[in-house]
Amino acid sequence: MKNPCLSQKLLERYFDQEASPEERTLVENHLIGCSSCQRRLKSMETLREAIKKPIEKALEKETFPWVWERIEREIQKEYKASWWESFRSWLALTPMLKRKVWVPVLATLIILVGVTSQIFFKKIPSYSEISVVKYVESYDNDVMVYQLEKQKVTVIWVFEKPEMEISDS
Amino acid sequence: MANQKEQDLILRCQRGDQGAFKEIFDQYHKKVYRIAYGMVRQREDAIDIVQEVFIKLFRSIRNFKGKSKFYTYLYRMTMNTAIDHARKMRKPSQLKSEEDWAQFPDTTEKEPDRLLFQKELEERINWAMAKLPGEQRIALILREVEGLSYKEMAETMGCSIGTIMSRLHYGRKRVQQLLGDEFGIKVEE
């Protein structure tokens with residue numbers, strides 16, 4: 001007794017290489033003795049070729065460099081990325097930044113800068129800040145006047161002369 | 001997930017590297033052209049679609065997150081652009097009616113020249129494909145021309161595998177009906 005013909009959907013799955021191994025065996029065994037299903041399969045192959053061939057033929061004739069030139073012109077016309085856009089895209093794409101590790105990294109950096117700046121920017125008074133404004137010699141005492149430029153402090157230094165010298169004189 | 005080399009290429013494109021974008025073009029333009037030509041069956045329109053797809057891709061590649069395969073992303077874009085294009089250009093008056101084709105001389109009997117037969121078959125295929133709804137046409141192209149699996153087609157077209165099988169089945173059946181027996185493409189129920 002002849003087996004009934006395969007369903008169109010099963011045959012299509014087989015033709016599209018989507019059938020399971022069991023289905024494949026079933027179809028292949030059936031095809032051996034069924035000329036009707038062989039014709040149906042052949043018909044699908046012919047249709048595939050008929051759809052594919054003109055497209056492949058058109059593709060062979062086509063040259064694409066000029067198509068790229070047209071695309072490139074269009075792209076360059078509209079693409080003028082600002083530095084801010086570039087920066088934002090870099091931020092968005094850098095894998096490290098995607099993982100949100102940048103918050104603790106940034107905090108650590110700020111603390112480090114704070115600590116090191118204390119060392120580097122420690123105020124060391126220099127002599128240039130101190131200037132002697134005046135030195136006055138007198139009979140009794142010598143007087144020297146200093147002035148600190150930034151702190152606006154004036155220091156008056158009085159040198160007492162030894163009494164002996166006075167008595168000598 | 002795209003392979004590593006492709007991922008790097010896409011990342012470079014996302015950073016605005018036009019050299020990388022040219023590499024993407026070189027890699028995919030033929031696939032895009034095949035789908036476009038399959039949909040519209042006219043050289044100039046197919047070229048317009050290729051151009052439009054790659055410009056759209058350049059604008060939108062930053063939105064590609066790599067969750068799907070890159071080629072399904074690109075195929076979807078091509079498919080939508082081609083369907084839009086085909087819809088715009090499709091005017092009923094431009095398509096031959098079935099009566100027109102019935103009057104067409106049967107070249108298999110009267111003209112033994114194989115080339116003429118091929119030419120007529122091509123014209124008739126173009127006509128039959130143009131008669132199909134966009135979804136069935138794109139399904140046939142993705143399967144018969146690009147050789148995508150049902151799963152890949154479902155991802156590209158955003159539907160179930162069952163829907164893909166149904167579109168392929170009805171698409172094939174309709175084209176077979178329109179072409180008729182003389183081309184060796186028999187209608188099967």
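This is a predicted model: local features need pLDDT of at least 70, side-chain atom pairs count only at pLDDT 80 or more; totals for chains, interfaces and linings use all residues.
When contacts in chain B between residues at least 6 apart in sequence are considered, 64% of them join residues at least 24 apart.

Two packed helices are described by the angle between their axes and the distance between the axes. For helix α1 (residues 4–14) and helix α2 (residues 18–40) of chain B, the axes come within 7 Å and cross at roughly 130°, which makes α1(B) oblique to α2(B). The crossing in which α1(B) passes α2(B) is left-handed. On the α1(B) side, the contact is formed by B:Leu9, B:Arg12 and B:Cys13, which meet B:Ala20, B:Phe21, B:Glu23 and B:Ile24 in α2(B). By residue class, this contact comprises five nonpolar residues, no polar ones and two charged ones.

Helix α4 of chain B (residues 70–89) has 20 residues and reaches 28 Å from its first C-alpha to its last, close to the 28 Å expected at 1.5 Å a residue. The buried residues of α4(B) are B:Phe70, B:Tyr73, B:Leu74, B:Tyr75, B:Thr78, B:Met79, B:Thr81, B:Ala82, B:His85 and B:Ala86. An α-helix has 3.6 residues a turn, so residues three or four places apart point the same way. The elements that cover the buried residues of α4(B) include α1, α2, α3, α8 and α9 (150–157) of chain B.

Between the two chains, 40 residues of chain B are in contact with 31 residues of chain A. Two or more residues each are given to the side of chain B that touches chain A by α1, α2, α3 (43–60), α7 (114–131), α8 (134–145) and α10 (161–179) of chain B. The element that gives the most to this side is α2(B), with nine residues. The residues on the side of chain B that touches chain A divide into 18 nonpolar, 10 polar and 12 charged.

Positive phi values in residues other than glycine were also computed in loops of both chains. In chain A, A:Gln17 has a positive phi of about 55° although it is not a glycine, and this residue is placed in the loop between α1 (8–15) and α2 (21–33) of chain A. In chain B, the phi of B:Arg41 is near 60°, again a positive value in a residue other than glycine, and B:Arg41 is placed in the loop between α2 and α3 of chain B.

Conventions:
Residues are numbered from 1 along each chain as its sequence is written. Chains are lettered from A and ligands numbered from 1 in the order in which they are written. Axes are lines fitted to C-alpha atoms, for helices over the stretch in contact, and angles run from 0 to 180 degrees between N-to-C directions. Helices (H or I, at least four residues) and strands (E, at least two) are DSSP runs, numbered from the N terminus. Angles under 35 degrees count as roughly parallel, over 145 as roughly antiparallel, 65 to 115 as roughly perpendicular and the rest as oblique. A crossing is left-handed if the near helix is turned anticlockwise from the far one by less than a right angle, and right-handed if clockwise. Two residues are in contact if their C-beta atoms, placed from the backbone, lie within 7 Å. Ala, Val, Leu, Ile, Met, Phe, Trp, Tyr, Cys and Pro count as nonpolar, Asp, Glu, Lys and Arg as charged, and the others, Gly among them, as polar. The expected span of a helix is 1.5 Å times one less than its number of residues. A residue is buried if 20 or more other C-beta atoms lie within 10 Å of its own, exposed if 12 or fewer, and partly exposed in between; C-beta atoms are placed from the backbone.
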